[in-house]
Amino acid sequence: MSIANKFTALSAWRHKLRAHATPGGIRPKAYKKTSLRSRIMPTPIPGLLILPLGQHQGTAAEALVSVGDRVLKYQTIAAAAQSNSVAVHAPTSGTIVAIENSPVARLANNLNESQLCIHLEPDGKDSATELYPESDYHLLDHSQLLQRIADAGICGMGGAGFPTRDKLQLSIDHKIDLLIINAVECEPYITADEALIRERAEAVVQGAEILLAATRASRCVIGIEDSKTDAITKLVAALKNSSVELMVIGTKYPAGGEKQLIQAVTGKEVPSGLHPADIGILLQNAGTAYAAYNAIILGQPCISRITTLTGLALQTPKNFETLLGIPISFLFELCGINESARLKTIIGGSMMGIEVSNTAVPVTKTTNCVIAGCAEEFPSPTDEHACIRCGFCATACPASLLPQQLLSYSKSSDHQQLQDHGLFDCIECGACAYVCPSKIPLVQYYRASKSKIKARQASHAQSARWQNRFQFHQFRIKKTADDTSNKKPRDTPAADIKPKLEDFSRDEARRKIADAVARVQTRKSKLIASTKNANSNNGNMPGVEE
Amino acid sequence: MTAPGPGSPLQTSTQTIAGIMQLVLLALVPGIAMATWFFGFGILINILLAGVTAIALEAAILKLRKKDIRLHLGDYSALVSAVLFAIAVPPGSPWWLVIIGIVFALVFAKHMYGGLGQNPFNPAMCGYVLLLLAFPLEMTTWHIPNEIVNSAIRIDSLGIGDITSDQQILSPFSWLGLQQSLVLTFPFIARNSQQLIDGLAMATPLIEFKMAGHSALLTAWDNGLSWFDRESATGWELINIAYLGGGLLLLYKRIISWHIPFSILLTIGVISSLFYAPDSAAIYGTPYLHLFGSATMIAAFFIATDPVSAATSNRGRIIYGILIGTTIYSIRVWGSYLDSIALAVLFGNFCAPLLDYYCRPRRYGHLRRGLVQRPNQATEQHREKGIGEL
């Protein structure tokens, strides 16, 4: 082997296994072991399923059923809206008993704590509609693949819930080189992806291959934390005959953030304000890959997901393959909850999760973890001390910001400095607030400042628009005035013009309108006729949109 | 802007400001112990006096400012300022000197700017510099009771029985040594005028080192003297080593970052090496003595690293350290003040806001100088071609 070859081999090895360094990060206590003791358990069917129409980010789906309808398992009960939306399917057979506003766990940037939900009362028979599995996804072309994924109602299963079809569609007008499957799961408490890979690595790898075909990328890398040894072993075995690569990443939070994982895998950074697709990279969650496997290979739409039930208030924390729409209180019962010890209920992890007050909220497509936390794990927040600029936050920040400076500018509402110091590069991971010895809720300050700045920008834009319009209005008035003053005086006196206005005849106007309507109607009917002809001539020709 | 309600992250670390300050105090203990061993109870009396005054003052000001006294007093920050100030003030200084300094440090340099976290200058050093300017004589004289070998004191007058010799060397840890120190600090407790001695008035120890030329530790080693013997004049070197140890503890615990101490020590080391020549050591001093003489280590690890008044980004911290190191050396060698830590640190404090502004780290997704990266060329070309081959 020549030296050059050796060098290539060495760099290839480096490329394959070594993750790039990323700045910042913290190592919080993980609390992951207890929920990994058990295998993934199925859930029994509860008495009522609550299916929100907006389980994802974007436009809510539109209900296709009405109260009293009987539905079968896998049946589409709400269709995706035009864009940025995903469909909802019935997780089991039963009757629709209500479509009404119910409490839900809000998504990260949606403040509504209740939304329109379909209430399904299961009949216990669990009778399903016919499925159309496609064991060889190579037979499907790109658009069919995307359509199937859209039909299955898949959105990002990692927690953000971005509609998967819309993300995959980025591959149409972007050149995607690399697909990264995010199995890092860096947040404390959550073990859903780890449990999934540990038990169903082959399915995840197949799902990754499907997504690879759906993005038309040349490479696919699965990123996973080095602490998940069981899952890595299973993945290595499952990847033997696959082109998908594996990259083991150092355990720290937030290694699984979109931008951080891209940096760890490629060494590249996503330019500020751009999407990863702009540098040829797409990310999908491991859970999403599994959902894609279910959708294509098994033909099943997304009616269940893996959810971690954990926290010290539960006797037997574990991962469930839970039906969507199950109230989390039902899952708590299954795990043996100690209600008196439960202090907090958190949907998501302890770093970026959302506290819910109502345990009747259902599991949705984005619910990766539910924590029933005790006072022992979540001591009540101490009072906020002054910032001593110790800089621990700057060391922890994965975006290399200076959180201590952002805080002082947030407090003084110095919007220009906030933007100069990169407030909008903050990913709100909360690493700064975690390490803060003064216990300052930094992320809350940043969120408040961000919304203030956005509101201000919006109002500025609006006032600029009104100012423009007003200036144009004044210009026009002046112009008209100038024109009239420049015109030579009329031959006829003003009084003579008036009768001309009285020439206006209602009948005349009505006749003109009727003429116009008739013209439009004939054109329309001609158009419809020609379309029908075209369709009968050539079945594949697309219809004319009206 | 009011404090927002709770939200993510719901999990936080257990480290608190009080914990950090306690660790800083702990890291100071070896140095203080060593200083007490060599220079007597004076330093402990200073610390006690400054500490008690500081806590009382802090509580009073917090009450005036209508703040939660227990919450803010519980952060130990006033105590740390007081201890750092007390270490800097010469042992055996009169009580009013210490109190004037600590009042200026806490009231004027800290709370008048808005309390902890708002002060642009290091409070302890502000107090020290005020005293240095207002009372130069008191601030450059060290009173060390164990050196009262040839003083005219009549031991009997102190009311202690069996010691009669005028030539007796007093241990600073004897009852008499303690009494001596107390009398130095609180002259009004002396029962007669003869007790109002001032021990040996001794200039700041750097002078001694300027003449000495090389390490007292090595000299003591060569002469077979114990390092911990007060006669072998190893005091300042051992004190510096003790503070270095405490500083390394803080580094190890990640309470302070390496940037400031490292750049200060490196700067002093490099500059003093550049100017060092064996025949001019009496003027410029040796690099070793610049690092281990006087209060270099305590400045580098404890005083300049005060996060509130220091530069906050890592690059800023390095430049901040270089500025302080250069200033320390310049004032020592070319300035009129013998020791210059306080002035140098205040100079660094002046520059810190500017350093913070110009030394921001490169943020994720940005090029240097705040430029925004553009999408790569392939993507641009792809876009220009329009929709792909679908």
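**Exercise 1.** Is B:K66 buried, partly exposed or exposed?

*Solution.* Begin with the rule: a residue is buried if 20 or more other C-beta atoms, placed from the backbone, lie within 10 Å of its own, exposed if 12 or fewer, and partly exposed in between. B:K66 has 7 other C-beta atoms within 10 Å, so B:K66 is exposed. Next, locate B:K66: the loop between α2 (42-64) and α3 (69-73) of chain B. Helices (DSSP runs of H or I, at least four residues) and strands (E, at least two) are numbered from the N terminus. Finally, check the backbone: phi of B:K66 is near 55°, a positive value in a residue other than glycine.

The model is predicted: local features need pLDDT of at least 70, side-chain atom pairs count only at pLDDT 80 or more, and totals for chains, interfaces and linings use all residues. Residues are numbered from 1 along each chain as its sequence is written, while chains are lettered from A and ligands numbered from 1 in the order in which they are written.

**Exercise 2.** Find how α5 and α6 of chain A pack.

*Solution.* Take the angle between α5(A) (residues 192-215) and α6(A) (residues 229-238): about 10°, with the axes 8 Å apart. Angles under 35 degrees count as roughly parallel, so α5(A) is roughly parallel to α6(A). Now list partners: A:E194, A:I197 and A:R198 are among the α5(A) residues that meet α6(A) residues, including A:D230 and A:A231.

**Exercise 3.** Describe α8 of chain A.

*Solution.* Start with length: α8(A) (residues 286-298) has 13 residues and reaches 17 Å from its first C-alpha to its last, close to the 18 Å expected at 1.5 Å a residue. Then cover: eleven of the 13 residues are buried. Among the buried ones are A:Y290, A:Y293 and A:I296. After the helix comes A:G299, with a positive phi near 75°.

**Exercise 4.** Locate the cis peptide bond at A:P254.

*Solution.* The bond joins A:Y253 and A:P254, with omega about -5°. A:P254 lies in the loop between β11 (245-249) and α7 (258-266) of chain A.

**Exercise 5.** State the average pLDDT (the predictor's confidence in each residue, from 0 to 100) of chain A.

*Solution.* Chain A averages 86, and 90% of the residues score at least 70.

Notes. Axes are lines fitted to C-alpha atoms, for helices over the stretch in contact, and angles run from 0 to 180 degrees between N-to-C directions. Angles under 35 degrees count as roughly parallel, over 145 as roughly antiparallel, 65 to 115 as roughly perpendicular and the rest as oblique. Two residues are in contact if their C-beta atoms, placed from the backbone, lie within 7 Å. The expected span of a helix is 1.5 Å times one less than its number of residues.
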